[in-house]
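Thanks for coming, everyone. Please have a look at the structure on the screen. I will go through some residues, then the chain, then the pocket.

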Amino acid sequence: MHHMVREFGWTNSEGKLSFRHTIRGRSDRGFYVANEADRVTVRNDSTSDMVWPYWTHDDLINAFVSKLWRVIVVKGVRRMGKVKYDTAHVYREPQSRQFIGAIVSGIVAIDFDVRTLNGRGLRNHGTKFRIAYGGLRHLCHYSKRLS
């Protein structure tokens with residue numbers, strides 16, 4: 001992440017170098033997700049000698065299947081400090097073979113959130129993989145709306 005912050009970061013309101021960016025397949029800043037032989041890599045056309053962030057297929061699929069084997073997603077509306085829940089869906093049995101394609105196509109977003117500290121260190125809030133509400137229906141064998 002040091003390379004990403006130095007090469008592509010910008011100064012935030014606190015005067016620290018920051019790299020906060022969401023990539024859905026391809027981003028407006030020239031980043032794209034590449035599916036390589038054994039890994040998924042985030043790249044940018046502007047630099048070729050960069051050490052790019054990557055995740056192995058095995059790591060991604062194992063995390064996806066173990067975290068989302070069974071999940072209930074609840075959607076609500078916030079009004080005046082309160083949330084009214086209006087829909088819920090249950091999803092089971094992730095389709096592991098489709099997960100890598102979902103990352104590359106942008107169904108699953110990659111979210112970077114890192115900045116420099118006072119000095120040379122980094123404050124890395126972690127890289128997140130996010131999916132929009134309803135997107136899991138494309139990635140699971142079983143889905144059902146709960147009433």
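Predicted model: local features only at pLDDT ≥ 70, side-chain atom pairs only at ≥ 80, totals over all residues.

Start with K144. K144 sits in strand β11, which covers residues 140-146. Which residues does K144 touch, once we skip those up to four places away in sequence? They are A88, H89 and V90. Now look at Y91. Along the chain, K144 and Y91 are 53 residues apart. Their C-alpha atoms are separated by 6.8 Å.

Next, another lysine, K16. K16 is in the loop between β1 (10-11) and β2. Its relative accessibility is 18%. The cut-off for buried is under 20%, so K16 counts as buried. What is K16 in contact with, leaving aside neighbours within four places in sequence? The list reads W10, T11, R115, T116 and N118.

Move on to S27. The loop between β2 (17-23) and β3 (31-35) holds S27. S27 counts as buried because its relative accessibility is 12%. Not counting residues up to four places away in sequence, S27 touches H21 and T22. With H21 there is also a polar contact, side chain to side chain, at 2.8 Å. So much for the loop residues K16 and S27.

Now I61. This residue is in helix α2. I61 counts as partly exposed, because 23% relative accessibility is not under the 20% cut-off for buried. I61 touches S96 and I100, with residues up to four places away in sequence left out. How far apart are the C-alpha atoms of I61 and N44? They are separated by 24 Å. Along the chain, I61 and N44 are 17 residues apart.

A word on backbone angles. Most residues other than glycine have a negative phi. Two residues here go the other way. M80 is not a glycine, yet its phi is positive, about 55°. Where is M80? It lies in the loop between β6 (70-79) and β7 (82-94). M80 is exposed, because its relative accessible area is 86%, and exposed means over 50%. The other one is E93. E93 is also a residue other than glycine with a positive phi, near 55°. E93 lies in strand β7. Its relative accessible area is 33%, so E93 is partly exposed.

Now step back to the chain. How many helices and strands does the chain have? Three helices and 11 strands. From the N terminus on, the order is α-β-β-β-β-β-α-β-β-α-β-β-β-β. The C-alpha atoms fill a box of roughly 50 × 45 × 25 Å along the principal axes. The chain has 147 residues, and 35% of them are buried. The accessible surface is about 9600 Å². Carbon and sulfur atoms own 47% of that surface.

Last topic, the largest pocket. Rolling a probe the size of a water molecule over the atoms shows where empty space is left. How much space lies in the largest pocket? About 270 Å³. The lining is made by L60, A63, F64, K67, L68, F99, V108, F129, R130, I131, L136 and L139. Which elements give two or more residues to that lining? They are α2 (57-67) and β10 (128-131). Helix α2 gives the largest share, four residues. That is the helix where we found I61.

To recap the pocket: about 270 Å³ of space, with α2 as the largest contributor to the lining.

Notes: Residues numbered from 1 in each chain as written. Heavy atoms only, no water. 1 Å grid on protein atoms, 1.4 Å probe; cavity = no way out; pocket = protein on both sides within 12 Å on 5 of 7 lines; lining within 4 Å. Points joined across faces, edges and corners; volume = space filled by probe spheres on them. Buried < 20%, exposed > 50% of the residue type's maximum accessible area, 1.4 Å probe, protein only. Areas by Shrake-Rupley, 256 points an atom, 1.4 Å probe, with all protein chains shown as cover. Polar contact = N/O pair within 3.5 Å; in protein donor to acceptor, adjacent residues only side chain to side chain. Contact = heavy atoms within 4.5 Å.
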